[in-house]
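Good morning, colleagues. I would ask you to look at the sequence and the model before I comment on them.

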Amino acid sequence: MATGVTSAVGRLRRARFTSRLAVDVGALLALCAGVVVLASSPRVLEWLHEETTSDIVTLVAAGVGAAAAILALVASRLLNEARLAWLAAALVLYCLVVLPWGVSAPAGTVSSATQVSRLLAHATALVLLVFALRSPRRMGTWGGWVIMLGGAVLALLALFLVPDLGPVTRLVAGPVSSVVVVAGWGGAAVLAVIDAARRQSTTRLRVGLGLVVLAGAQLYRLTTPMGPPVPDLVFPALRLVAMAVLLLGLLQLVQRGLRSLQEENFEQQEELAIAALHMERAATHTAERNHELRNGLAGLAGITHLLSADGEGPDHERLRSAVLAELGRLHTILERSADPLELEEDLAEVDGPASYEVEPMLAGLVALQRARGRDVHLEVADGLVATGNSAVAAQIVTNLLANCERHAAGTPVTVTAFSEHDDVVIEVRDRGPGLPPGKEREVLGRGVHDARAGGSGLGLHISRELVEGQGGSLTLRTVDGPRGCAATVTLPAVDANRPATDTVAR
């Protein structure tokens, strides 16, 4: 199925590229035909001063070509493609050295040294153009500029150092060599179009078509009678068209490179934002885990020596069971928090329709508190069974008891559990100063704490999230008679006749 979809997408891309190729070639042929007709029209030639107009058109073509060279160099940097740097070097040489000879005197009045210099410049530009199709890896992007400078220096030296050797000089700078160079230009341009077609790249196609028009202009100049006067303006006009097409294609390559750079930058920013979010969540869950471990260890501190003392009885056995249950809960926190990002989900995870008896879980926690010397009373209705995870419920109640110790130190605490409708309600009540007026919901937020009482402000926030993960709720309120703070935990209840399936807190 996937292979069929890929094949269909490939056929669609080829069809779209073929249609664009036909449109571009048709439009370019129509433009070149119009330029040839206008530039060779006797009326146009009569209206324009041919030699001056040819110089102006050549100068404009040189400027457009220089702009195209700059764009090729920019595109090479944006797309990290050395071939475009070689094309930039070829365009610079052509615009600075080759184009000025486009308005020189006809071949019959040009010296042999000038002809040799012109041939060297053309041949060097051809070499650069060929390497622009497949640049040498070892030479990178700088190799084209070295060759360009070497060819330009040789062409300039030829103007002053090449002697007139008669037949030998005429053979070197004769029509055969010119035909070979122009044919090479044409072949390189056609290969550029073929490469663009293989890549199915419309932008590269326009660059290749510009080179084809430039090669056609050179071929036109080679086959046109060279004697004075200059017959028409076709050659400089076609060369200007070629440079304009090159400029358009390279401009589109630069735009594509900029889009690619923007997309890459956007992806990096998105990855950085996700990484920052993950780091923040990791720090948050690490702080929450440490908070829970501190509460648990505080509950176990000072109790070990009681267990190690000789003695038997129900209180001793209940205390031992409570310590083991608390150690098991802390071990679960450590095991399930290997990935801090999944701590909260793992703690709130329920494997199937688990349930547990409320009284054994609360009795164990209260036994730990009493062993530490705290005045904690427990009142639990018979037959209370809650749905969820007993370890999570134990963590919630532990956090509430730690909150009572912090804000109402030394006062009695009452833990009450009863059934209400379809819920199990656990109330932890102290005899402290109560909550500030209007702060009942605010204190459940993360990081909200009383600086005088200390703490990190995580306990109530963690408890609220864990309760909600169990399908329940947590509320705090100030009560009177006697005055204090009451934290009410509501958890889904299970019918008392249904056997508990999670007996960790028994």
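By contact I mean heavy atoms within 4.5 Å. This is a predicted model, in which local features need pLDDT of at least 70, side-chain atom pairs count only at pLDDT 80 or more, and totals for chains, interfaces and linings use all residues. Residues are numbered from 1 along each chain as its sequence is written, and side-chain values use heavy atoms, with hydrogens and water left out.

Let me begin with two helices, helices being DSSP runs (H or I, at least four residues) numbered from the N terminus. In H14, Met361, Leu362, Leu365 and Gln369 meet Ser390, Ala393, Ala394, Val397, Thr398 and Leu401 of H15. These contact residues comprise seven nonpolar, three polar and no charged, where Ala, Val, Leu, Ile, Met, Phe, Trp, Tyr, Cys and Pro count as nonpolar, Asp, Glu, Lys and Arg as charged, and the others, Gly among them, as polar.

I turn now to salt bridges, each a side-chain nitrogen of Lys or Arg within 4 Å of a carboxyl oxygen of Asp or Glu. The whole structure holds nine salt bridges. One of them joins the side chains of Glu81 and Arg204 at 2.6 Å, N to O. This pair links distant parts of the chain, 123 residues apart: Glu81 lies in the loop between helix H3 (50-79) and helix H4 (82-98), and Arg204 in helix H9 (residues 202-223).

Finally, Leu154 has its place in helix H6.
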